[in-house]
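Biologist: Could you take me through some of the strand pairings and one of the helices in this model? I shall ask as we go.

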Amino acid sequence: MNPQGMAVDSGKRGMRRWFAALVATLMVTAGLVSFTGAEKAVAAAPGPKDTIAVLFSYTWNKIAEECENTLGPAGYGYVQTSPPQEHVMVPSEGNPWWIYYQPVSYKLESRMGTEAEFESMISRCNAAGVGVIVDAVINHMSGAPSGGTGWAGTQFQYYNYPGLYGDSDFHDCRRDINNYQDRWEVQECQLVGLSDLKTSSPSVQQKLADYLNKFIDMGAAGFRIDAVKHIAASDMNGIMSRVNNRDDIYVVQEVIRANEPIQPEEYLDYGDVHEFAYARKLQEAFGGSRIDWLISGAGIGSTWEGFLPQANAAVFVDNHDTERNGETLSYKNGRSYDLAQIFTLAWNYGSPSIHSGYEFSGFDAAPAVDGQGRVIDPQPGTNGWTFKHAQNDIQNMVGFRNETYGTAVVNKWSSADGSAIAFGRGDKGYVAINNGSGSVQREFTTSLPDGEYYNVIKATRTGDTWSGESVVVSGGKFTANLGAKDAIALHAGAKVDPGCEDAANPTVPTNVTATGTTVQLSWNDSTDDCQVAGYQITRTGGAGGSVTLNSTTTSLTDSGLAANTAYSYTVRARDTAGKLSGASSAASATTGEGPQTPVATVYYQVPSGWSAANMHYRVGSGAWTDAPGESMSAVDGFAGWFQLSVDVVEGESVTAAFNNGAGVWDNNGSQDYVIPSGGDWSVSGGSVSAGKPEKAEPLDGELSLFYKPAAGWGSAYAHYQVGSGEWTAVPGVQMTSVASCEAGSGWYHLSVDSGAASSVTVAFNNGSGTWDNNGSSNYTFTTATAAVSGGAVSVKDPCASVDDDDEDDVVIPGVPSGVTVVPSESSVAVSWPAVAGATSYRVAYRATASSKTLFQDVPSGTSAVVSGLNEGTAYWFKVSASNSAGASAFSAAAHTTTGSGDVVIPVCLRV
């Protein structure tokens, strides 16, 4: 953390495995307060994937993309975010980076993204095998004595944060810390002017725990907790005792060791602690020339004076504070910095964090933002983003660390001048590092088995395939030439395949099973003296006779089969020489009626000047179509509209961007469009609405605009731009409440003079800082009438009289709100207030740790019981309202955890 440009505590993540329930026994005797906390447990992150990529100031959408494309494939175990809560705004100072560390509410709205984007990021990263570590600021709130308005519109005062904290929730010492030798002052006075929370208060502890639990319910892996030195250990005990899933989360704490009463060891019961001394020593070594003393004796680590034990240490080369205050190396040190990262990933002390931020010249410099103040998605080579986490040698060393995890340091060597070192990690890896200005050529001794290995510092990996520079180990030795400021690293997971002289057939596949209407076939692995290349499956039955299928894995989905038909399958393994095993025992299955593949039909209204449209899309987390995508067909009778039908998967949305085939794109302001699974959907003016396009008169001099805000708005304003003209002054023009509407109450109206313009762009707000800007894309209208409700756009007047017999005039119902959930052991009762115009509802639900969303239709009423759930499991529930006009968007999620029944230990037999 570094609020207001002052260098203070900051750090990374570690794991805390909690065993017993906390005993909150407070004894006050002669002024002495003692507490009993959780049993102490090993705090190091579980291997081998213990490396964290710290993507400082990255947007949530970009972090999700990096998890899928870089971090997961490279073997990172975790990714750390910047603080996600609503923060202060200091426009007079250019809204520096440190505004993240001054909370004003616990809304998950910041300049890095929205709550929905944050939750989606967690889900996508989890699916990529990367846990999310949330940077949590719980010691304090803002440092604004005059109060102000936060990013999301929250108005606050120095010691008053409406609906969250009042004056009594802050410590009484309301001055800055002057004496770090006074424990009371450090933990109850203000850190560089920040309003210090009374963390000893049970009420404050519960609110902080509720904030942390929200992330756990979303599926986060743990936390990096800011400024922990300024929170008494007994207060941390009170907070963490209220946190859910304590045996499954990972925690690292920022406690900077100094010659002071408060020491890091006081906090080891609650998680890892960042070892700042490690980073300082690396600066001393790699910032100079000699680095041999880092591996002398037992080497840098827990045996050094003032260093934390291996099990509790979280290590780093730099973080967002130290790269600015000069306390450690940083990207500005060039190759010396990279070599320090390589050393950290190769050495066997602590759990490492790799800092990846952006270049800066001024201490307070913020990341690049757009016109609305939101961080622009980082891209390599733009806006100074370093992308250190994705640098070839660093990400390949993450794989080195995973491959060598848990092995001893062996075969150490150092040059006479101390500028070059080398060491092995058991028989799994070997690294040599030259921090000198001249080259080093020598024969190295290694415990790696003989063979040819890729030098992962220079070689590149695509999927499981390596290419590039390699080294031959023979008789436990290899010769290499290390250039100045260079390194070489070899490991068992990057060995050059020497090929194989195949002499035998592979073994026969066993345990072949076939189930389902679209037949799902699986079997056990076969073995071979060289390598099994795939499997040959023979299907018999049905009208087609004998059919040969192929698979490179141990499963196969056989679709397109006849209904109500018996099929039989045998499997043979095939090796790289083309030799086949014998046939397996037969497995049989009979198809049923089979599910129908759901289809989503997307209607798209093109911008002015487009004569054609293509849709570039993917279903769920599947592959994207090749650009520019699939050509859309013109819709008869609807000028400017095009359509495309897409096969989808139940519960999986379609992500799409549109283009005219000539290089002009509409990607919803770089966010793409998310289209729900199945049914008809219309995309117009930056919005996605259920149903087919509606007939409408084009904009011709005046826009009749209707808006129905979310519950709680007392008024509505339209902040708009006619064509490419000037925007109205914020908050815009106040809309008039409509007393009675056929589509229900709560509507507002405004007539906008559009002149000769063909479009009007609008963002709505309540006049008090709460905005609906269509997810930062705004709403664009090209028709004479437009109505917006729950993010859905219609071109019909919701307040006009309608003919009860005219089905086409039914309006899509609004989004349900106020969803409540009541859990039992294996079911959850879900209820919600009725939505005007709704004739039925649909409940979506998903286990927080799962990636599969399930659905339950509710043909009548406003409640449902979802049964068949797993006991002791966290779930979220959302509700959509429907009628003949279509379905609303789903509500905000309601979270709960099912109860725990008696534990049963199953005995499983695989037949």
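Biologist: How many bridges join strand S30 to strand S34, and in which sense do the strands run?

Modeller: Strand S30 (residues 599–605) and strand S34 (residues 641–647) run antiparallel and are joined by seven bridges. This is a predicted model: local features need pLDDT of at least 70, side-chain atom pairs count only at pLDDT 80 or more, and totals for chains, interfaces and linings use all residues. Residues are numbered from 1 along each chain as its sequence is written, and side-chain values use heavy atoms, with hydrogens and water left out.

Biologist: What counts as a strand, and what counts as a pair?

Modeller: Strands (E, at least two residues) and helices (H or I, at least four) are DSSP runs, numbered from the N terminus. Two strands pair if DSSP finds at least two bridges between them.

Biologist: Which residue in S34 stands opposite alanine 600?

Modeller: Valine 646 does. S34 also pairs with strand S33 (residues 633–634), in the antiparallel sense over two bridges. There, alanine 634 has phenylalanine 642 of S34 as its bridge partner.

Biologist: Changing topic, in what order do the strands of the sheet with S13 lie?

Modeller: The order is S13-S14-S15-S22, an open sheet of four strands with antiparallel pairing. Its edge strands, S13 (409–414) and S22 (486–491), each pair on one side only. From one strand to the next the twist averages 10°.

Biologist: And what packs on that sheet?

Modeller: Helix H8 (residues 335–346) does, touching S14, strand S15 (429–434) and S22; contact means heavy atoms within 4.5 Å. The direction of H8 makes about 155° with that of S15. Axes are lines fitted to C-alpha atoms, for helices over the stretch in contact, and angles run from 0 to 180 degrees between N-to-C directions.

Biologist: Now helix H2. Which of its residues are buried?

Modeller: Glu117, Phe118, Glu119, Met121, Ile122 and Cys125 are buried in H2, where buried means under 20% relative accessible area (1.4 Å probe, protein chains only). The buried residues pack against several elements, including helix H1 (60–74), helix H4 (202–218) and strand S55 (874–883).

Biologist: How far does H2 reach from its first C-alpha to its last?

Modeller: H2 (residues 115–127) has 13 residues and reaches 18 Å, close to the 18 Å expected at 1.5 Å a residue. The expected span is 1.5 Å times one less than the number of residues.

Notes: Buried means under 20% relative accessible area, exposed over 50%, partly exposed in between (1.4 Å probe, protein chains only).
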